[in-house]
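Subject: The structure for you to look at

Hello,

Here is the structure I promised to pass on. Please open it alongside this email, and then read on for my notes.

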Amino acid sequence: MTTSHAIRHVRVTPIAFRDPPLLNAAGIHEPWALRSIIEIETDSGLVGINESYGDQPMLEALAKAAPALQGLSPWSLNEMETRVSALVKPPAKASEFLGVGAQISLAPGTHVSKNVAKVVSAFEVAMMDLQGQLANAPVVDLLGGAARDRVPFSAYLFYKYAEHIEKPYAPDPWGEALTPEQLVAQARRMIDGYGFQSIKLKAGALPPAQEAAGILALAKAFPGKPLRIDPNANWSVATSLKIVEQLRGVLEYYEDPAPGLDGMAAVARECEVPLATNMVVTDFDEFRRNAERGCPVKIVLSDHHYWGGLRATQRLSTLCSTFGLGLSMHSNSHLGISLVAMTHLCASVPLLNYACDTHYPWQDEEIVEGGRLRFEQGSLRVPPGPGLGATLDRTALARLHDNYLHCGIRNRDDLAQMKKYDPSFTGIQPRF
Ligand code: GKR
Ligand code: MG
């Protein structure tokens, strides 16, 4: 008798976990970040897992696409993509297409126009977890094998308040960070805890001169550590050029200073520091537009969650090599399944020129058995074991799902959250 490994069931569980009051161009993080946990089960009882976005439109897209997997082999990724594309259509109305508020471009993962790519990615990773279990091989081997044995990440600093305005739980241990001294203390704590070898500052929140002073303080406190600044397009071209001049000789790359490809191209014309983005090259069509302009953006910060998955990001890597561009990874608030998937991917990509972003230090929960993942000198090793090498902690899943049911948040909205602190805040960009 042969055992059938055909897919019989897809389960999507929305979860919510604590997220600190982190400031950004769109406003401020809400007390709870949303994710979805995807489980794909076969007739034979195997379960492949994954983590993705948890906002309402994404949950609806996942629910719409789930029946497409019924009866499919976990190896049939191309067929899965065809079926998902047929079921999940891009929204027809422009208003729907534009999504929620100003943060659509800041967090491309929340953009409904990317629903097909996001759902394909959500299913692909869980199916590859199944493939790995069937072949007794880690996902990195299914992606062609490891190009490196550990994946480097950077310290991702944020300006922040000490506590959420609603005080929904005890304040986080990081404290306030609004001055250069507080920022350096935050960096020290993060580097001591994780061993990161490079530093990224999320900017676009305070007046630019203060943020430049923050970078200069970091340069002094951590000589030799590569530094990046990311104002999420909240600076005009003139401001971007003024600030990069003040930071001469200090930056490894300059991430999304000014809005749109036009703004980035105008900055690139006058600036020697390479420009990086997770805002203007967010899919293959935008990659082509950047190439047609002579590549003003030199480093693409990919994210398998919205680029269409692990294999799509490998294709992106080939394109980046062809066009002489650099590649690294973008991040949003996430837990360990996303981090493990990213680690398999990044271990398999020969072209990975920079340490990847991760929000992981800002979270204090975990959804995988064994608890929080351990970094060694700022890097993660690919976990041993078949597939993703991660097992769902069902007690944690139940607790975080309960958070979701009670937190009252269904779509990320940093702008509305900031209005609670400052009713006059408009979120209009560029602000500076
Ligand atoms: O979490 O506030 C945030 C970030 O600003 C995030 O939304 C961005 O998508 O980390 C991201 C970035 O690098 O632009
Ligand atoms: Mg960015």
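Below is what I found, going from the overall picture to the local details.

Please keep in mind that this is a predicted model. The mean pLDDT of the protein chain is 95, with 96% of its residues at 70 or more. One stretch needs care: over residues 94-104 pLDDT stays under 50, and the model has 20 contacts beyond four places in sequence for these residues. Where pLDDT is low, the predicted coordinates should not be read in detail.

How is the chain divided? The domain assignment gives domain 1, made of 7-137 + 396-407, and domain 2, which covers 140-388. Their C-alpha centres are 22 Å apart. Across the boundary, 51 residues of domain 1 are in contact with 53 residues of domain 2.

Next, two helix pairs. Two packed helices are described by the angle between their axes and the distance between the axes.

From α2, the contact is made by Leu77, Met80, Glu81, Val84 and Ser85. The α4 side brings Val116, Val119, Val120, Phe123, Glu124, Met127, Met128 and Gln131. Sorted by class, this contact has nine nonpolar, two polar and two charged residues.

The other pair is helix α8 (residues 237-246) and helix α9 (residues 260-270), which pack at an angle of about 35° with their axes 9 Å apart. Here too α8 passes α9 in a right-handed crossing. Val237, Ser240 and Leu241 of α8 meet Gly263, Ala266, Val267 and Glu270 of α9. Those residues divide into four nonpolar, two polar and one charged.

Most residues other than glycine have a negative phi, and most peptide bonds are trans. Asparagine 232, however, has a positive phi, near 50°; this residue sits in the loop between β9 (227-230) and α8. And which form does the peptide bond from glutamine 429 to proline 430 take, cis or trans? That bond is cis, with omega near 0°. Proline 430 lies in the segment after α15 (414-421).

Best wishes

Conventions: Residues numbered from 1 in each chain as written. Chains lettered and ligands numbered in written order. Predicted model: local features only at pLDDT ≥ 70, side-chain atom pairs only at ≥ 80, totals over all residues. Heavy atoms only, no water. Contact = heavy atoms within 4.5 Å. Helix = DSSP H or I, 4+ residues; strand = E, 2+ residues; numbered from the N terminus. Nonpolar A, V, L, I, M, F, W, Y, C, P; charged D, E, K, R; others polar. pLDDT = per-residue confidence, 0-100. Domains from an automatic or database assignment. Axes fitted to C-alpha atoms, helices over the stretch in contact; angles between N-to-C directions. Left-handed = near helix turned anticlockwise from the far one by under 90°.
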